Amino acid sequence: MVDCQIRTCDVTDHSILSSFLSVPREEFVPEQFRALAYTDAIIDLSALQARAEETRVMHPVAGLARMLEVACVEPTDVVLLIGAASGYSTAVVSQLASSVFALEVDDRLTKIAEASLQTAGCDNAMVFSSSLENGLPKEAPYDVIIVEGNVEKIPNKLVDQLSDGGRLVACIGTGGSAELTSYVNENGIVGSLVHGNCSMAPISADGFKNSEKFVF
């Protein structure tokens with residue numbers, strides 16, 4: 001998986017590669033899909049969810065790897081991950097950061113992610129059940145915020161939770177035209193940079209959507 005899916009998308013940072021090698025991905029995959037754990041297939045997690053308003057998936061690892069490379073996660077960083085799903089991404093990030101706080105809207109998925117993280121020995125990661133667009137203000141500020149999914153915009157509430165020098169990484173747009181974008185907070189001024197296309201399953205929460213405009 002690392003050689004064929006991550007290195008081939010030009011992610012070569014040793015710490016990122018090691019983080020993926022350290023986490024047993026099959027432990028975070030529904031039992032019926034474990035044969036697909038190390039493929040580049042999108043894995044549907046709806047069977048694990050208590051609610052079906054927003055179906056969560058496990059994305060192919062290349063997208064997460066590219067996000068981590070752009071985010072430049074340091075061993076002292078506090079990270080907020082939006083969209084914990086089954087906890088796999090949280091586990092990978094926990095190998096790079098000082099601590100990771102992850103959000104998931106589905107209560108059942110949250111409990112599954114927590115149990116999987118405990119089994120994997122990720123004692124520096126916690127999963128909270130909460131609306132994704134509001135972030136987790138009580139643990140802010142964050143050195144890195146990762147939004148794992150396509151969104152149309154980034155809510156101001158998330159940007160406000162960045163530390164000085166903090167980075168936020170997300171895929172902005174829809175479908176295959178979404179762009180991997182990083183935002184950096186420098187003394188209260190936030191700048192952005194596009195790093196190419198990167199398509200993921202969408203996060204459908206209203207706070208990540210552009211307001212509808214009247215069309216003549």
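**Figure 1. Cysteines without disulfides.** The structure, a predicted model, holds zero disulfides. A disulfide is a covalent bond between the sulfur atoms of two cysteines. For Cys-4, the closest cysteine sulfur is that of Cys-9, at 12 Å, which is too far for a bond. Cys-9 in turn has its closest cysteine sulfur in Cys-198, at 8.6 Å, again too far for a bond. Neither distance meets the cut-off, because a disulfide requires sulfur atoms within 2.5 Å. The surroundings of these two residues are also described by their accessibility. Cys-4 is exposed, with a relative accessible area of 62%, whereas Cys-9, at 22%, counts as partly exposed.

**Figure 2. The aromatic pair of Phe-20 and Tyr-88.** Four aromatic pairs are present in the structure. One of them is formed by Phe-20 and Tyr-88, whose ring centres lie 6.5 Å apart. The planes of these two rings meet at 55°, so the pair is tilted. Phe-20 belongs to helix H2 (residues 14-22), and Tyr-88 belongs to helix H4 (residues 88-94).

**Figure 3. The aromatic pair of Phe-101 and Phe-128.** A pair of aromatic rings is described by the distance of the centres and the angle of the planes. For Phe-101 and Phe-128, the distance is 6.2 Å from centre to centre and the angle between the planes is 35°, and the pair is tilted. Phe-101 is part of strand E4 (residues 99-104) and Phe-128 is part of strand E5 (residues 125-129), so the pair ties together parts of the chain that are 27 residues apart in sequence. Phe-101 counts as buried, with a relative accessibility of 11%. Phe-128 likewise counts as buried, at 17%, because the limit for a buried residue is a relative accessible area under 20%.

**Figure 4. The surroundings of Tyr-88.** Which charged residue sits over the ring of Tyr-88? The residue is Arg-25, with its charged end 4.9 Å from the ring centre.

Notes: Residues numbered from 1 in each chain as written. Predicted model: local features only at pLDDT ≥ 70, side-chain atom pairs only at ≥ 80, totals over all residues. Heavy atoms only, no water. Phe/Tyr/Trp six-rings, centres within 6.5 Å; stacked < 30°, edge-to-face > 60°. Helix = DSSP H or I, 4+ residues; strand = E, 2+ residues; numbered from the N terminus. Buried < 20%, exposed > 50% of the residue type's maximum accessible area, 1.4 Å probe, protein only. Lys NZ or Arg CZ within 6 Å of the ring centre and 35° of its normal.
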